[in-house]
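This report covers charge pairs, a metal site and the overall fold. Sequence and coordinates come first.

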Amino acid sequence: MKTIGYAAQTAQSRLTPLSFERRALRDNDVAIEILYCGVCHSDLHMARNDWNASTYPVVPGHEIVGKVTAIGAEVSQYQVGDHVAVGCMVDSCQDCDSCYNGEEQYCRNGFTLTYGSPDRIDGSITHGGYSKHIVVREEFVLKVPETLDLARAAPLLCAGITTYSPLRHWGVGPGSRVGVIGMGGLGHMAVKLAVALGAHVTVISTSASKQADAMSLGADAFLVSKDAQAMTEAQSSFDLIIDTVPVKHDLTPYVPLLDLDASLVLVGQLGPVDGTDTSPLVFGRRHISGSLIGGIAETQEMLDFCARMNVLPECEMIRMDQINEAFARMERSDVRYRFVIDMASLQASQ
Ligand SMILES: [Zn+2]
Ligand SMILES: [Zn+2]
């Protein structure tokens, strides 16, 4: 199947239109016309080869919402016309303990990324959601609940599940004291989801400039990390802190905020962190941890939860041909809080 998308041809190039083929349907494949695709910070990193893992051309995009246009002979869960979604994974081994446990993101044999990974059967490099169509095996396709706003649902597939999974894993519920560091695409979802789960949510930020925004998203409190007295008063007062900051930063000020046995969970930044004092870890049996997206079953649970609780990302809709400008703005943190590409604009602009 011929389709069109936007691709980076090199680490230095802007994204430009690219015509390419989607594979013919395998028996367990679902063909999807993409309606909306969110713009994740990792799309920018992959387009520019920031992680030295990119194979060009790169067609980014792993927050995909669309409509089923065809199904393979053995597909049983989906029909033509269904509204569906695809996140960061399109395949895994399906035969290891992690996969059996519904944690395909920790597949012992490595999961297949929605873009930039070799396909497990034919070895071709996967292309993501900055395109008109995608073909994905049934097991990695999600149902979009009828009551969920299609245009705003896309960012749930990465930003949503990346924050929902640790909230669930660490048992957040009514009365939990949750801190959120960083209030971008991930952080604003962490706030909304934790509030919807019944937690008491505090946004922790270097300055007070985001306080009004935090409160409007539903946060209960705001803590300025540069305010030494406020930080001292907040010691040992959190059950869980979700750290969504996407760049290298110092964890030292945040660890003492954790209560006994509580965890600081990193979901944004990959790589070394600046020197961390182990004393508060030892003296308070505190934990520093990490968490990667979420499994397929958990992603479906998250979509259903968001539909039920009416939790939706704050989105700024863009046309496909505005993607380079969107990348530039994202680098300046000039987005509230997620760009979403209206894929109808791709056809219109060609
Ligand atoms: Zn992402
Ligand atoms: Zn596996």
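## Salt bridges across the chain

E21 and K2 form a salt bridge, with 3.2 Å between the closest N and O atoms. A salt bridge here is a side-chain nitrogen of Lys or Arg within 4 Å of a carboxyl oxygen of Asp or Glu. The pair links distant parts of the chain: E21 sits in strand 2 (residues 16–21) and K2 in strand 1 (residues 2–7), 19 residues apart. Helices (H or I, at least four residues) and strands (E, at least two) are DSSP runs, numbered from the N terminus. K2 is exposed, at a relative accessible area of 65%. The classes are buried (under 20% relative accessible area), exposed (over 50%) and partly exposed (in between), with a 1.4 Å probe and protein chains only.

The model is predicted: local features need pLDDT of at least 70, side-chain atom pairs count only at pLDDT 80 or more, and totals for chains, interfaces and linings use all residues. Residues are numbered from 1 along each chain as its sequence is written, chains are lettered from A and ligands numbered from 1 in the order in which they are written, and side-chain values use heavy atoms, with hydrogens and water left out.

## Two further pairs and a network

Side chains of opposite charge can pair when their charged atoms come close. E331 and R48 meet in a salt bridge at 2.8 Å, N to O. E331 lies in helix 10 (residues 323–331), and R48 in the loop between helix 1 (41–47) and strand 4 (64–71), so this pair ties together parts 283 residues apart in sequence. E331 is partly exposed at 49% relative accessibility. R48 is partly exposed too, with a relative accessible area of 31%.

R336 and D213 also meet in a salt bridge, at 3.3 Å, N to O. R336 lies in the loop between helix 10 and strand 17 (338–342), while D213 is in helix 6 (residues 211–216), so the bridge ties together parts 123 residues apart in sequence. R336 is exposed, with a relative accessible area of 58%. D213 counts as buried, at 18% relative accessibility. Elsewhere, salt bridges with shared partners join R23, R26, D29, D119 and D122 into one network. The structure holds 22 salt bridges.

## The zinc site

Which residues coordinate the zinc ion (ligand 2)? The donors are C93 (SG), C96 (SG), C99 (SG) and C107 (SG), at 2.3 to 2.4 Å. Donors are N, O and S atoms within 2.8 Å of the metal (3.2 Å for Na, K and Ca); water is not among the atoms, so sites may look incomplete. The site is tetrahedral, with angles of 102 to 120° among its four donor atoms.

The donor residues are spaced C-x2-C-x2-C-x7-C in sequence.

## Overall fold

The protein chain has eleven helices and 17 strands. Its radius of gyration is 20 Å, close to the 20 Å that the globule rule gives for 350 residues, so the chain is as compact as a globular protein of that length. The radius is taken over C-alpha atoms; the rule is 2.2 Å times the number of residues to the power 0.38. Buried residues make up 54% of the 350 residues in the protein chain.

Note on methods. Four donors count as tetrahedral if all angles lie between 85 and 135 degrees; four count as square planar and six as octahedral if opposite donors are over 155 degrees apart and all others between 65 and 115; anything else is irregular.
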